[in-house]
Amino acid sequence: MGVRNVQEGDYGVLVTLYKSFFKTHNIFQQPDKTIMEYLKQQSKENELIVYDDNESLKGALYLVNLSQNSSHVLWKFKHVAFESETIASALLEEAEKRVKGTSTSVKIELTIAESEDGIDFYKSNGYVQEGALSNHYRKGETCFI
């Protein structure tokens, strides 16, 4: 099936996906009910897309508009989770297409903790590390922007 918008029945599977992807995360190590409530609340505020392979959800990410300026829009891809780089590529391609259609000038930001997989994947897909934040998510851990 590929990338699509989230549906109401997806949240239970998304809880499992996020818990397995983010081994160390303040939100995704909470009880399932708390995680589901969080995901649903975030979906009211931000667009959530998922990767559906007709059997199960294999990836997801939120598209967060961080700016009010319509001439140059800053977006953040948040809670990017995926089971393979092929799935991650499909999610990024669709998310980039959606945000690039919002303005003539768009910047996309990702933050990734040093304990998470994926920084090499993002760099191989044209993303550039612009900075590092010490103790951003957890004390003693660096977060890359």
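This is a predicted model: local features need pLDDT of at least 70, side-chain atom pairs count only at pLDDT 80 or more; totals for chains, interfaces and linings use all residues.

Strand β5 gives the most to the lining of the largest pocket, contributing four residues.

**The largest pocket**

- The space that lies in the largest pocket comes to about 370 Å³, and 17 residues line this pocket, with Ile 108, Glu 109, Leu 110, Tyr 127 and Val 128 lying nearest its centre.
- Two or more residues of the lining come from each of the elements α3 (85–100), β5 (106–109) and α4 (119–124).
- Sorted by class, the lining of the largest pocket consists of 10 nonpolar, one polar and six charged residues.

**Helices α1 and α2**

- Helix α1, which covers residues 11–21, packs with helix α2, residues 32–45, at an angle of about 110°, and their axes are 9 Å apart; this makes α1 roughly perpendicular to α2.
- On the α1 side the contact is made by Tyr 11, Gly 12, Leu 14, Val 15, Tyr 18 and Lys 19, which meet Asp 32, Ile 35, Met 36, Leu 39, Lys 40 and Ser 43 of α2.
- The residues of this contact between α1 and α2 divide into seven nonpolar, two polar and three charged.

**Salt bridges**

- The structure holds nine salt bridges, and in one of these the side chains of Lys 19 and Asp 32 meet at 2.7 Å, N to O.

Key:
Residues are numbered from 1 along each chain as its sequence is written. Side-chain values use heavy atoms; hydrogens and water are left out. Axes are lines fitted to C-alpha atoms, for helices over the stretch in contact, and angles run from 0 to 180 degrees between N-to-C directions. Angles under 35 degrees count as roughly parallel, over 145 as roughly antiparallel, 65 to 115 as roughly perpendicular and the rest as oblique. Contact means heavy atoms within 4.5 Å. Ala, Val, Leu, Ile, Met, Phe, Trp, Tyr, Cys and Pro count as nonpolar, Asp, Glu, Lys and Arg as charged, and the others, Gly among them, as polar. On a 1 Å grid over the protein atoms alone, a cavity is a set of points where a 1.4 Å probe fits but cannot get out, and a pocket is an open set with protein on both sides within 12 Å along at least five of seven lines; lining residues have an atom within 4 Å of a point. Grid points are joined across faces, edges and corners, and a volume is the space filled by probe spheres set on the points. A salt bridge is a side-chain nitrogen of Lys or Arg within 4 Å of a carboxyl oxygen of Asp or Glu.
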